[in-house]
Amino acid sequence: MANRLQARLATLSRPATAFTSQPEPRTIGSFARGRQLVASTYLFAGYLVEARGDDRPVWDLPAPAPEFTEALMGFSWLDDLAAVGDLRARKKAQNWTWVWIERFGKGRGPGWTPDLTGRRLIRWINHAIFLLNGRTSEQSQAYFKALAGQTRFLARRWRSAAPGLPRFEALTGLIYAGLALKGMEAHVAPALKALTRECDRQVDAEGGIPTRNPEELMEVLTLLTWAAHALVDAAQPVPRALTAAIARITPTLRALRHADGGLARFHGGGRGLEGRLDAALVASGVREGPGDGLSMGYARLAAGRTTVIVDAARPPSGPASARAHASTLAFELTSGRRPLIVSCGSGASFGEGWRRAGRATASHSTLAVERYSSSRLAKAAGQRAEFLEDRPQQVKVERTADSAGTHLLAGHDGYGTTHGLTHMRRLDLDPAGRLLAGTDTLRAFTDTARRAFDAAMTRMQLQGVAFTAHFHLHPDVDATIDMGGLAVSLALKSGEIWVFRPSGRAELTLEPSVYLEQGRIKPRAARQIVLSANVMDYGHEIGWTLAKAQDTPLAIRDTLRDDEDEETAEQG
């Protein structure tokens, strides 16, 4: 209510009349999504509306969910239509924009939140030439009046945006507008002061943010680089706190980047829009690569064309815990251009059930302790087993490197309270990146832990504490159990063949999984390797290896392309 009142008041103020200089588009859109929009196929927030043959503006179509409307109100779709850039795309962008001005530009209706307003302002300014081409003087006046109203709304309401990405969006939009619009200059200094405070508060010494969401960190870096470049273009100094935050974030994002250029998918984040990460890293101007320590709580092992990224810290706490995933000690592995071992990802765009499922320990490539020994019956009945989601209080990590490769030893006490067990995971990546060896251990180390384990065994009627180690496969991986059930052959579309082999006392199975990806209508079917066993005494250990068995001409071609991409990135 307060936002809408301030929005209506802001639109009554004196409008801006022109830009201080010709805007330069910085946002990157998708040509494919732009063509879909031109064809009246609208996919927003995981909801699809097909209106082919219907020339009505998108605002007239029934919205399937509030998230669909919210995505529309942010105007990120302008990036996609601008990526197409032809007459049909421009007419659609202009039609939707001026209908929005007529219906919502006076502060009424949805979309008047600080983060959405900041996002919308940035797109309107970035694509001003695209939007204003061929417009009448009256339409241009309405456009600038709407810009001014949104700018004044942000100046009054940015503090109501939640700390983190929403507030970064609001403040960057306010700075952007203040620098670009004549008559709005007075808003720049206070917004810039607030932005530098947020940089100090939200970006820690490791270059991380409280949510530990890699994709969100990329969006923060993108916003900060946009603000910095806008200041430079306006011949204004860039505050030291802003450049320092950019310098901290950039190496961290490089550490969270897989060999295929996508981000690790943890704590609600996806791979990132194609080209977005590259653009942010280049725009940062920071050349520093990832360090040997943890980056935002993640450990990176890399050799040859293989990257392994491990969640080696506690889940986010405080307000960020509402979207946190139970993924401690989970890892992802990518070989060249091809993801192999993945997390299921965020199911938020597919509804509450999928959102909860995506957050579960069993939806990540790590070990999960089952709550009841009878949960195997639930699996057999086609139901999802119920897994323990204890929050680790302590996570210990040791990373070393020698002539034999890179080694990671990590452990957490998330099952200590209920079962007295500590999960320890050791990962060893050879120097060529062709062999990843792992060991997973559950052990009760202290007398107190053993008493808790004995109590758990009593509850389980001495049947043992059941656990499963999950290795989720990317949907493009073709998995086959071979060698009499002793190994799993994994064929990548590049032609590479990897082989997974377990050791120790565990049952090997190949089971269904899902790959949750924002922007799709429904989850993608996938497979997962599962190792199952019971802890019968005070400890149980299982081992496994993941080895590259074969390269084909297709894989070699991918290698050559990777080399070309790296050379191009360095030149950029």
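Predicted model: local features only at pLDDT ≥ 70, side-chain atom pairs only at ≥ 80, totals over all residues.
Colleague: How many helices and strands does the protein have?
Modeller: There are 18 helices and 18 strands. Helices are DSSP runs of H or I with at least four residues, strands are E runs of at least two, and both are numbered from the N terminus.

Colleague: Why is V84 called buried?
Modeller: Buried means under 20% relative accessible area, exposed means over 50%, and partly exposed is in between (1.4 Å probe, protein chains only). V84 has 15% relative accessibility, so V84 counts as buried. V84 sits in helix 4. Across the protein, 54% of the 572 residues count as buried.

Colleague: What does V84 touch, beyond residues up to four places away in sequence?
Modeller: V84 touches F31, G34, R35 and A89. Contact means heavy atoms within 4.5 Å. R35 is 49 residues from V84 along the chain, yet their C-alpha atoms are separated by 6.7 Å.

Colleague: Why is A432 called partly exposed?
Modeller: A432 has 41% relative accessibility, so A432 counts as partly exposed. A432 lies in the loop between strand 10 (421-429) and strand 11 (435-443). Leaving aside neighbours within four places in sequence, A432 is in contact with A303 and G304. R305 is 127 residues from A432 in sequence and 8.1 Å away in space, C-alpha to C-alpha.

Colleague: Which residues of helix 2 are buried?
Modeller: In helix 2 (residues 31-38), G34, L37 and V38 are buried.

Colleague: Why are they said to line one face of the helix?
Modeller: Seen down the axis of helix 2, the buried residues fall within an arc of 100 degrees, so they line one face. The arc is that of the directions from the helix axis to the C-beta atoms. These buried residues pack against strand 1 (41-44), helix 4 (77-84) and helix 5. After helix 2 comes S40, with a positive phi near 65 degrees.

Colleague: How do helix 5 and helix 8 cross?
Modeller: The axes of helix 5 (residues 87-104) and helix 8 (residues 137-157) come within 10 Å and cross at roughly 65 degrees. Axes are lines fitted to C-alpha atoms, for helices over the stretch in contact, and angles run from 0 to 180 degrees between N-to-C directions.

Colleague: What makes a crossing left-handed?
Modeller: The near helix must be turned anticlockwise from the far one by less than a right angle; clockwise is right-handed. The crossing of helix 5 and helix 8 is left-handed. W98, W100 and I101 of helix 5 meet Q139, A142, Y143, A146 and Q150 of helix 8.

Colleague: Which classes make up that contact?
Modeller: Ala, Val, Leu, Ile, Met, Phe, Trp, Tyr, Cys and Pro count as nonpolar, Asp, Glu, Lys and Arg as charged, and the others, Gly among them, as polar. The contact of helix 5 with helix 8 has six nonpolar, two polar and no charged residues.

How values were computed
Residues numbered from 1 in each chain as written. Heavy atoms only, no water.
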